[in-house]
Amino acid sequence: MSANNSTAPPISVLVYGSVIDKFNIYKQDYKQNESCGILIGTHSIDESKITITFATEPDCNDKRSRFSFKIKSNKHNKILQNRFSKSGNREVYLGTWHTHPEDHPNPSKCDTDDWLKQYSINRNLFESMLFVIVGIKTNKWFLVNDNGIFILDSNLIYHEKEERV
Ligand SMILES: [Zn+2]
């Protein structure tokens, strides 16, 4: 399935600056392995706004190569469970991030298949999930819902300084 942005749902995404800082650390040059982690954050009650408060970092138990990754470590889930309970069950699993050795990244068939699988597993919880590919020059954001995969307009993505909740 290819991504399109013709009928992207009206959803705004807020990203804490600390999450973007983390992406910048793992941004892939032409030698590094792919990095990956999960996105954690909150949905507004009407689900029109998603706030990404945290991104987990790759762990030595994850499988990583130049062109692929697999989240294997249970550290990601431990962090998620911890933040979930500390936030009064507000912070949840939103999706995943990973890097590509491309200036302006495009998803592979593996990526889109994985996103649709993640969505089908979690769709009973929320209407949409978020996925981001961190490129060398730009990041590309995707939203997955019942209608497929949409490229998110970068105007809908705001960076915000971390706040105490
Ligand atoms: Zn990929």
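Predicted model: local features only at pLDDT ≥ 70, side-chain atom pairs only at ≥ 80, totals over all residues.
His 98 is buried, with a relative accessible area of 1%.

**Stop 1: the zinc ion.** Which atoms coordinate the zinc ion? The donors are NE2 of His 98, NE2 of His 100 and two OD contributions from Asp 111, at 2.0 to 2.5 Å. Along the sequence the donor residues follow the spacing H-x1-H-x10-D. His 98 belongs to strand 6 (residues 92-99) and Asp 111 to helix 3 (residues 109-122), so the pair ties together parts 13 residues apart in sequence. Colour Asp 111 by accessibility; at 8% relative accessibility, Asp 111 counts as buried.

**Stop 2: Trp 97.** Stay on strand 6 and select Trp 97. Is Trp 97 buried or exposed? Trp 97 counts as buried, at 0% relative accessibility. The structure holds five aromatic pairs. In one of them, the ring centres of Phe 23 and Trp 97 lie 5.3 Å apart with the planes at 45°, so the pair is tilted. Phe 23 sits in helix 1 (residues 17-26) and Trp 97 in strand 6, 74 residues apart, which makes this a link between distant parts of the chain. Phe 23 is also buried, with 0% relative accessibility.

Tyr 26 and Trp 97 form a tilted aromatic pair, with 5.9 Å from centre to centre and 45° between the planes. Tyr 26 is in helix 1 and Trp 97 in strand 6, so this pair ties together parts 71 residues apart in sequence. Both Tyr 26 and Trp 97 are buried.

**Stop 3: Lys 22 and Phe 54.** Select Lys 22 and Phe 54. Lys 22 lies over the face of Phe 54, at 3.9 Å from the ring centre.

**Stop 4: the whole chain.** Zoom out and switch to a cartoon. The chain has three helices and ten strands, in the order β-α-β-β-β-β-α-β-α-β-β-β-β from the N terminus. Of its 165 residues, 45% are buried. Among contacts with a separation of 6 or more, 69% involve residues 24 or more positions apart. With the surface displayed, the chain exposes about 9,100 Å², and carbon and sulfur atoms supply 50% of that area.

Note on methods: Residues numbered from 1 in each chain as written. Heavy atoms only, no water. Helix = DSSP H or I, 4+ residues; strand = E, 2+ residues; numbered from the N terminus. Buried < 20%, exposed > 50% of the residue type's maximum accessible area, 1.4 Å probe, protein only. Contact = heavy atoms within 4.5 Å. Areas by Shrake-Rupley, 256 points an atom, 1.4 Å probe, with all protein chains shown as cover. Donors = N, O, S within 2.8 Å, 3.2 Å for Na, K, Ca; no water. Phe/Tyr/Trp six-rings, centres within 6.5 Å; stacked < 30°, edge-to-face > 60°. Lys NZ or Arg CZ within 6 Å of the ring centre and 35° of its normal.
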